[in-house]
Amino acid sequence: MSERDVFEYALLRVVPRVERGECFNAGVVVYCRARSFVAARTHLDVAKLRALDPDADVTGVRAALHAVEGVCRGGEDAGQAERDDAGRRFRWLIAPRSTVVQPGPVHTGLTLDPEAEVERLLDLLVR
């Protein structure tokens with residue numbers, strides 16, 4: 001059996017109307033320091049978004065979620081975080097903010113495969 005590594009993750013929440021505080025999960029960000037790994041996967045449930053705010057900007061919310069995925073990929077997709085290491089990009093993404101897409105609290109676990117963990121958590125907590 002291979003050794004499992006510690007990983008951290010945070011859910012991405014969509015808060016269509018910040019003043020109301022209502023939210024739903026729309027993605028997950030996973031970071032594994034031992035493997036210099038960071039990745040995000042997102043899934044926007046448009047019906048949930050419209051239920052909380054019929055006038056929500058679906059295109060804008062989708063763009064914000066995809067931007068998180070881009071920061072995780074690094075390179076040109078990461079914008080100002082282009083040259084940052086995986087840990088720094090993760091910490092930037094999980095910093096509290098008052099926007100439509102917000103990170104939830106950070107949780108930890110052990111994994112043999114961080115990439116598979118991203119998909120597992122997305123299926124378990126988002127879809």
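Reader: In what order do the elements of the protein run from the N terminus on?

Author: In this predicted model, the elements run β-β-β-α-α-α-β-α from the N terminus on, and there are 4 helices and 4 strands in the protein.

Reader: What makes the protein as compact as a globular protein of that length?

Author: The radius of gyration is 15 Å, which is close to the 14 Å that the globule rule gives for 127 residues, so the protein is as compact as a globular protein of that length. Along its principal axes, the C-alpha trace spans about 50 × 30 × 20 Å.

Reader: What share of the 127 residues is buried, and what share of the contacts with a separation of 6 or more joins residues 24 or more positions apart?

Author: Buried residues make up 43% of the 127 residues, and residues 24 or more positions apart account for 61% of the contacts with a separation of 6 or more. The protein exposes about 7300 Å², of which carbon and sulfur atoms supply 48%.

Reader: Why is the pair of Tyr-31 and Phe-90 called stacked?

Author: A search of the whole structure finds 2 aromatic pairs, one of which is formed by Tyr-31 and Phe-90 with 5.2 Å centre to centre and 20 degrees between the planes.

Reader: How do you know whether Tyr-31 and Phe-90 are buried or exposed?

Author: Buried means under 20% relative accessible area; Tyr-31 has 9% relative accessibility and therefore counts as buried, and Phe-90, with a relative accessible area of 0%, is buried as well.

Reader: Where is Ser-36 placed, and what is its phi?

Author: Ser-36 is in the loop between strand 2 (24-32) and strand 3 (37-42), and Ser-36 has a positive phi of about 50 degrees although it is not a glycine.

Reader: How far apart are the mean positions of the positive and negative charges?

Author: The mean positions of the 18 positive and 20 negative charges of the protein are 2 Å apart.

Note on methods
Residues are numbered from 1 along each chain as its sequence is written. This is a predicted model: local features need pLDDT of at least 70, side-chain atom pairs count only at pLDDT 80 or more; totals for chains, interfaces and linings use all residues. Side-chain values use heavy atoms; hydrogens and water are left out. Helices (H or I, at least four residues) and strands (E, at least two) are DSSP runs, numbered from the N terminus. The radius of gyration is taken over C-alpha atoms; the globule rule is 2.2 Å times the number of residues to the power 0.38. Buried means under 20% relative accessible area, exposed over 50%, partly exposed in between (1.4 Å probe, protein chains only). Contact means heavy atoms within 4.5 Å. Accessible areas come from the Shrake-Rupley method with a 1.4 Å probe; for residues, only the protein chains shown count as cover. Lys and Arg count as positive and Asp and Glu as negative; His and the chain ends are not counted. The place of a charge is taken as NZ of Lys, CZ of Arg, CG of Asp or CD of Glu. Rings of Phe, Tyr and Trp (its six-membered ring) pair if their centres lie within 6.5 Å; planes under 30 degrees apart count as stacked, over 60 as edge-to-face and the rest as tilted.
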